[in-house]
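Open your viewer and get ready to pick out residues. We will go from stop to stop, and at each one you will hear what to select and what is there.

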Amino acid sequence: MTKQVTLTIDGQQATVPEGTLIVNAAKQIGIDIPVFCYHPKMEPVGMCRQCLVEVGRPVVDRATGQAVMDGDKPKIGFGPKLETACTTPVSEGMVVLSQSEKARASQKEILEFLLTSHPLDCPVCDKGGECPLQNLTMAYGPSGSRFIFDEKHHAEKHVALDDKIWLDRERCIQCARCIRFQEAVAGEPVLAFYQRGRDTDIITGSEPPFDSIFSGNTTDICPVGALTTADFRFGARPWEMKAAASICPLCPVGCNITFNTRREAKSGGKVVIKRVLPRQNEGVNEIWMCDRGRFDWRFVERDDRLAKPMVKKNGRLEAASWKKVVDEASEKLRSKKGEVVVLASGRLFNEDLFNLKQLADGLGGEALLYDSLPGGQLTTNFGVSAGTNLGDLGKGSTIVVAASDLYHEAPIWHLRVKQAAERGAALVIVNAEATRLDKYAGQLVRCKKGEAAKKVKELAGVFKNAENLVVFFGADGSFALAEACAELVKGRTGRPNNGLVGVWPRANDQGALEIGFKPAGDLAKSLKGKTVYVVAADPAGDDPKLAEALKSAKSVIVQNIFLTETAKLADVVLPAQAFTEREGSYTSGERRVQRFYPATPPLGESKADYAITALIAAELGLEVEGRSAGLVMEALAAAVPAFAGLSFGKLAEVREQWPIIGRADLYYGGASYQNSQGLGVHLNS
Ligand code: SF4
Ligand code: SF4
Ligand code: FES
């Protein structure tokens, strides 16, 4: 166990592990020491001097080596100079004064100095209202300046670093947080300082510029409005927006996110999403997210969103009432045993998939998972066990990544695996092509496409003695790869930080497999002559052969958020709500079930997928819960052993995480949201 040391900060006692930095020890007992360059996820550099405090240590008699006493207490000696709280580790008996006259004077002077060259364009700055410089100036800064306004430094404003991120040079306080994030956290050192003194500038040195899928995170941790996103610039003020907790639906990582929304006149009085920020979950995405998750959610606002139910009349889709479409759909599904195929994708949520599976079972039909990886069933048996946290992997652990490019397929897993390798985990990569993770691998096996399984088998002996073993597998087109990967982790079931992870094409493929959906296999053959209920998938748009197969189906019912090519072929079209408009839960590739909440009102007459299926099932005399997502989760937990014990209440549970971040102290961790809506729960093994 790490040795604990006890110290006093501003009169309060703190007991923390040896090596803790003063700034973090203070945070743990609720004392905020102002910082700019320090960030709890990066090594300290002591550049800005904002965190200067008085530090005293017990005086030791050199002759005896004993503490010198002052009455019944050890005598404390204060050095002549202030020390930076962000670089100084605590020691036994230390006394820290962050509010003394000397410390406050220095904190004030640093702010005065930073403001000598700051444009003070707070009224038009995107960071206004959530700006550490603004907040710390109010709390610690001077009320006036001795510097001459006309001598402020001026630079070209609004420089596009790339098409996503903008730089305002005048606002930069040269804390280097952005540069250090790119170098140390993202592992992509594409930003740098250029020039000296007041001319110091942030530049990007990559081609294409700012070549990083994590670039948006720099705008969260920039303590001023120097870095902003093209997506949100001049979009809204922070205090005008509401926050809704959600889960990113774009890959199987399941990053915790927050939607900021606003009801606005320019959108016709509608509530609209203005931006997405990460939400802290140290077991999933820490306080980061990738640019895809941050910027690619606007599909929910597309013009081809379905807002009304429709039925086909004389070869044309026409708007109809919900009663009419539910009648029509149930009439078509009322067919002979074995004639119904429910085809759904992992874009759906646990509650929707469970209801669809019940419908398929009730009708004696098949529930097929659209367009996933071969071998999915194996992760329900050998998937990573409860308690797994990639953040715990380090020395003694082995991570295998086979036939997957995590950087593009599941970017935050790329970050987490990279960090585990930096902590000492052995990383083995087996892939046909080079990936950005390769440079962290201890063993790199380049194989031909489709041959990853054979290579994984050859390496099996290497992993036998690993304390922990996590195996990521992607698409090399064969079931054999999943089988070979499963073979590696057999016998480790139930052990945290051990097991398989499928790098699925969609966010909830794992949930679909756990609920009992089967990989689709030869889909064209399965669809011919059947009554097909296609949900959240567009096979006709993806593959002309599947379009032909659907044309030869007996009837087609489509439930989607868009008027897809498949929907155009359908007899009945059922408009579903987007994930931003409803609640539900996903199961991530790490088998963690996580809950999301509505951010905006639903579009038109659309309904949640689980509710639509329940309406159809009721018409067919089947008992399927559809009153709320929470009640469907209860039914799911009662029916599927992996989900046993889960409820929306459990999924909403939180506990304290480190670093402590919050909206009141944005300077500490950045603009990420604190997680008060649920850290998620692993499925049972
Ligand atoms: S752009 Fe922001 S994060 Fe980067 S050095 Fe300047 S102030 Fe710091
Ligand atoms: S890593 Fe995946 S889940 Fe996380 S933000 Fe990116 S796309 Fe979304
Ligand atoms: S020197 Fe400590 S926060 Fe910058």
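Start by selecting Asp-201, which counts as buried at 12% relative accessibility; buried means under 20% relative accessible area, exposed over 50%, and partly exposed in between, with a 1.4 Å probe and protein chains only. Before moving on, note that this is a predicted model, in which local features need pLDDT of at least 70 and side-chain atom pairs count only at pLDDT 80 or more, while totals for chains, interfaces and linings use all residues. Residues are numbered from 1 along each chain as its sequence is written, chains are lettered from A and ligands numbered from 1 in the order in which they are written, and side-chain values use heavy atoms, with hydrogens and water left out.

**Salt bridges**

Arg-169 lies in the loop between strand S10 (165-167) and helix H4 (177-185) and Asp-201 in strand S12 (residues 201-204), so the pair ties together parts that are 32 residues apart in sequence. The helices (H or I, at least four residues) and strands (E, at least two) on this tour are DSSP runs, numbered from the N terminus. Arg-169 itself is partly exposed, at 23% relative accessibility.

Next, select Glu-264 and Lys-274, whose side chains form a salt bridge of 3.1 Å, N to O. This pair links distant parts of the chain, with Glu-264 in strand S15 (residues 256-264) and Lys-274 in strand S16 (residues 270-278), 10 residues apart. Are these two residues buried or exposed? Glu-264 is buried with a relative accessible area of 6%, and Lys-274 is buried at 10%.

For another bridge, pick Glu-605 and Lys-308, where the closest N and O atoms are 3.3 Å apart. Here the two partners are 297 residues apart: Glu-605 sits in the loop between strand S31 (592-596) and helix H19 (609-619), and Lys-308 in the loop between helix H6 (291-295) and strand S17 (310-313). Glu-605 is partly exposed at 33%, and Lys-308 is partly exposed at 44%.

Then select Asp-121, Lys-157, Asp-168, Glu-170 and Arg-171 together, and you have a network of residues linked by salt bridges. How many salt bridges does the structure hold? There are 47.

Go to S31 and show its side chains. Arg-592, Gln-594 and Phe-596 point one way, Val-593 and Arg-595 point the other way, and all are buried. Because five of the five residues of S31 are buried, the strand is largely enclosed by the rest of the structure.

Bring in strand S30 (residues 584-587), which runs antiparallel to S31 and is joined to it by four bridges; strands pair if DSSP finds at least two bridges between them. Look for Tyr-586, whose bridge partner in S31 is Gln-594. The hairpin of S30 and S31 has four residues between the strands, and Arg-591 takes a positive phi near 60° there.

Now select strand S32 (residues 681-682), which pairs with S31 in the antiparallel sense over two bridges. In S32, His-682 is the bridge partner of Arg-592.

**Helix H11**

Select residues 411-422 to see helix H11, which has 12 residues and reaches 17 Å from its first C-alpha to its last, close to the 16 Å expected at 1.5 Å a residue. That expected span is 1.5 Å times one less than the number of residues. The helix is mostly covered, with 11 of its 12 residues buried; among them are Trp-413, Leu-415 and Lys-418. After H11 comes Gly-424, which has a positive phi near 115°.

**Surface and wider view**

Turn to Val-45, Met-47 and Phe-193, a nonpolar patch on the surface with about 220 Å² of accessible area together. Patches are made of residues with over 30% relative accessible area and no salt bridge, joining like charges within 9 Å and nonpolar side chains (Val, Leu, Ile, Met, Phe, Trp, Tyr) within 5 Å. Accessible areas come from the Shrake-Rupley method with a 1.4 Å probe, and for residues only the protein chains shown count as cover. Val-45 is in the loop between helix H1 (22-28) and strand S3 (52-58), and is partly exposed at 37% relative accessibility.

Finish with Phe-562, in the loop between strand S28 (555-560) and helix H18 (565-569), which counts as buried at 11% relative accessibility. Draw a line to Asp-72: the two residues are 490 residues apart in sequence and 76 Å apart in space, C-alpha to C-alpha.

Definitions and conventions:
A salt bridge is a side-chain nitrogen of Lys or Arg within 4 Å of a carboxyl oxygen of Asp or Glu.
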